[in-house]
Amino acid sequence: MMSTNIFHKVAVRLCSCLLPLTTCLFVACADLDYTEESTRDEEWTYNYFANGIKNLVFDVYAQVYNGEFDSNSPYFLAGATDEAQYALETGAVNNYVNGGWSPANPYSNTWTKAYTAIADVNMYLEKIDQTDISDWQYNSDYKNWVAQMELFPYELRFLRAYFYFELFKTYGDVPLVTTTLTNSQANNIERTPADQIVKFIVDECDAIAPYLPVSYGTEVGAEVGRATRIAVFALKARTLLYAASPLHNPTGDKARWAQAAEACKYILDNAALWGLKLSEYGKLWGHDAFFNTELIFGLGRGESNSFEMANYPIGVENGSSGNCPSQSLIDQYEYQADGQTFGQRHPGDVDLSLADPYEGLDPRFALTVVKNGDEWPSNGAQKKTIETFAGGFNAAPKYGATPTGYYLRKYVDGSCVTTADNQTTRRHTWILFRLGEFYLDYAEAVFNATGSANDATYGMTANEAVNVLRGRADIQMPPFTEDGADWVARYERERLVELAFENHRFWDVRRWKKGAQYFRTIQVATISPSLVLTRSTVTRQWDEKFNLYPIPQSELQQNPNLTQNPGW
């Protein structure tokens with residue numbers, strides 16, 4: 001609940017700062033608030049660089065987060081999809097599937113975070129002419145400060161466009177606000193059609209891209225993690241893909257798909273020039289992932305082991321199970337031998353003492369999932385053989401043990417020690433945009449634009465794009481050759497496997513309008529003491545209104561001109 005409409009910004013929260021850690025951008029809090037009544041006034045902010053102007057800019061960066069939850073949160077949105085089930089029933093992500101979701105309990109940070117950031121951007125852009133650090137002209141860093149300030153308006157416009165994409169994908173029609181508002185104006189604003197939001201994002205991306213560097217490696221301070229030209233193109237391409245998808249393109253307009261295909265192809269064509277290249281799959285996360293050559297835009301976070309504590313198996317000291325991959329996910333991994341049979345080669349009960357249903361699966365499976373018999377975590381202090389069979393060391397009836405038969409490996413840094421004594425911590429990077437996504441985005445767009453997975457109108461067929469990912473040296477999966485409905489089904493499996501736990505599945509299924517197909521039930525596994533694996537079905541709530549979030553009731557109460565999304 002907010003006492004003041006979020007669009008009306010009367011105070012600037014400067015709750016971030018740039019901490020130099022091997023040139024990474026990491027966010028922390030600093031007590032730099034000011035209001036109209038405080039002694040730390042607005043004039044001071046616009047005349048002081050380090051703790052004034054720069055912190056104002058990075059307060060906007062601080063609103064960026066991975067998925068629905070804050071960075072280093074113990075759970076993703078995966079627990080509300082067919083990717084996973086959150087181990088603890090009290091996990092907040094379960095509200096999406098158990099009826100705890102409503103306009104009164106909208107369960108989303110997006111509205112507040114996005115409009116808080118947008119208000120900051122609008123205020124800065126309107127008052128940019130007031131910035132004056134000339135009193136510091138004899139400071140040795142003065143020229144560097146001026147150089148950074150030249151980029152700040154373009155970085156902020158990128159971030160504003162990014163937050164409008166987050167609002168668009170979450171709510172559809174949302175108010176488009178590009179100026180500061182009085183409280184009266186804020187309480188009477190109306191929602192803007194989604195198509196206009198998309199146009200705004202695309203137009204902004206086109207306008208600002210030439211002014212942002214491809215990399216900050218050679219810029220003042222070499223502060224990587226800030227908005228780059230590549231990130232701008234990535235935002236444009238993803239926005240156009242969503243706008244072309246059935247949820248926002250009910251007539252199936254192929255021109256929209258063509259626009260998305262062209263935007264994605266531009267990234268693929270220029271990747272090498274920009275220094276981007278595909279990574280080994282297992283190196284997309286971990287201590288040094290922030291510098292991975294595949295990463296376009298990500299969130300770097302300081303050293304911690306909280307995510308590991310939240311996702312290490314029960315039975316590992318201080319492990320809480322967290323996001324447990326579902327059998328539905330495991331069943332989507334194809335076998336390397338033929339590439340046509342996916343994980344249900346053994347669709348019934350499986351005696352694990354006689355057959356190994358995981359042998360020969362796509363290598364991405366072992367890099368994503370911890371199964372019974374694996375040695376995990378990888379650190380020497382805690383490494384052990386995981387037992388997920390009933391009565392096993394990491395299984396029921398222990399409270400909080402995996403409800404699916406599996407534990408999460410992807411994003412979890414197994415080198416972190418979480419014992420009571422001698423704990424170790426590692427840096428974490430949450431992926432927002434990476435090159436691999438755009439091979440998939442391009443494939444989907446060009447297939448829908450041309451009607452064929454083998455049409456080379458755009459210079460690369462849909463199948464060729466997918467096969468670039470599958471042909472990586474560490475993956476080596478058989479190529480795609482299908483077309484038509486068979487291609488769509490296989491593509492949707494491939495996208496799930498490649499982007500697992502990167503907070504795409506929750507949104508992909510919604511934009512495809514396939515929630516009833518994928519989210520109404522999920523498969524989980526139980527393993528008996530005699531090592532017989534049995535699949536069972538978990539039923540969840542799904543309603544078509546879930547394709548878009550409800551507008552928070554607190555906002556509707558303040559503004560009678562806002563309307564609620566259908567069904568809510």
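How many of the 568 residues in the protein are buried, as a percentage? Buried residues make up 59% of them, where buried means under 20% relative accessible area with a 1.4 Å probe, protein chains only.

## About the model

This is a predicted model, in which local features need pLDDT of at least 70 and side-chain atom pairs count only at pLDDT 80 or more, while totals for chains, interfaces and linings use all residues. Residues are numbered from 1 along each chain as its sequence is written, and side-chain values use heavy atoms, with hydrogens and water left out.

## Overall fold

The protein has 17 helices and 11 strands, taken as DSSP runs (helices H or I, at least four residues; strands E, at least two) and numbered from the N terminus. Of the contacts (heavy atoms within 4.5 Å) with a separation of 6 or more, 70% join residues 24 or more positions apart.

## Largest pocket

Now for the open space. The largest pocket holds about 400 Å³. Its lining counts 19 residues, and S215, V224, F290, L295 and I296 lie nearest the centre. A pocket here is an open set of points on a 1 Å grid over the protein atoms alone, where a 1.4 Å probe fits, with protein on both sides within 12 Å along at least five of seven lines; lining residues have an atom within 4 Å of a point. Volume is the space filled by probe spheres set on the points, which are joined across faces, edges and corners.

Strand β2 (residues 295-304) gives the most to this lining, with 4 residues.

## Cysteines

C264 counts as buried, at 0% relative accessibility, and C324 is buried with a relative accessible area of 0%.

How values were computed. Buried < 20%, exposed > 50% of the residue type's maximum accessible area, 1.4 Å probe, protein only.
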